[in-house]
Amino acid sequence: MSFNDYVKFVTQQVVLKLEEPKTEKADRKAERMPFPVRAFGMIPLGLSMFWRKRMKKRQ
């Protein structure tokens, strides 16, 4: 793949992204998982469940 082909491809992708309606962007953003889940998987959920259980026992 030559440099010109690469520049053409990148330019096409940028134009497609700019022409995309805002509703599609908002829909895609709403579908994403929260950052802690994306970054660390199920660990944050497990820790929060453990913490809540521990706090209930203290009361």
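Residues are classed by relative accessible area: buried means under 20%, exposed over 50%, and partly exposed in between (1.4 Å probe, protein chains only). At 40% relative accessibility, Ala39 therefore counts as partly exposed. Ala39 belongs to helix 3 (residues 35–40). Helices (H or I, at least four residues) and strands (E, at least two) are DSSP runs, numbered from the N terminus.

The model is predicted: local features need pLDDT of at least 70, side-chain atom pairs count only at pLDDT 80 or more, and totals for chains, interfaces and linings use all residues. Residues are numbered from 1 along each chain as its sequence is written, and side-chain values use heavy atoms, with hydrogens and water left out. The predictor's confidence in each residue is given by pLDDT, from 0 to 100. Its mean over the protein chain is 84, and 98% of the residues reach 70 or more. Among the elements, helix 1 has the highest mean pLDDT (92). Helix 2 (residues 22–31) has the lowest, at 74.

The protein chain holds four helices and zero strands. From the N terminus on, the order is α-α-α-α. The radius of gyration is 21 Å, well over the 10 Å that the globule rule gives for 59 residues, so the chain is more spread out than a compact globule. This radius is taken over C-alpha atoms, and the rule is 2.2 Å times the number of residues to the power 0.38. Along its principal axes, the C-alpha trace spans about 65 × 30 × 10 Å. Buried residues make up 2% of the 59 residues. The chain exposes about 6000 Å², of which carbon and sulfur atoms supply 64%. Accessible areas come from the Shrake-Rupley method with a 1.4 Å probe; for residues, only the protein chains shown count as cover.

Helix 4 (residues 43–58) includes Leu45. The helix has 16 residues and reaches 23 Å from its first C-alpha to its last. This is close to the 22 Å expected at 1.5 Å a residue, the expected span being 1.5 Å times one less than the number of residues. Of the 16 residues of helix 4, zero are buried, so the helix lies largely in the open. Leu45 is partly exposed, at 41% relative accessibility.

C-alpha separations place these residues in the chain. Leu45 and Glu31 are 14 residues apart along the chain and separated by 18 Å. Ala39 and Met55 are 16 residues apart in sequence and 26 Å apart in space.

Helix 1 (residues 3–19) contains Leu18. Leu18 is exposed, with a relative accessible area of 67%.
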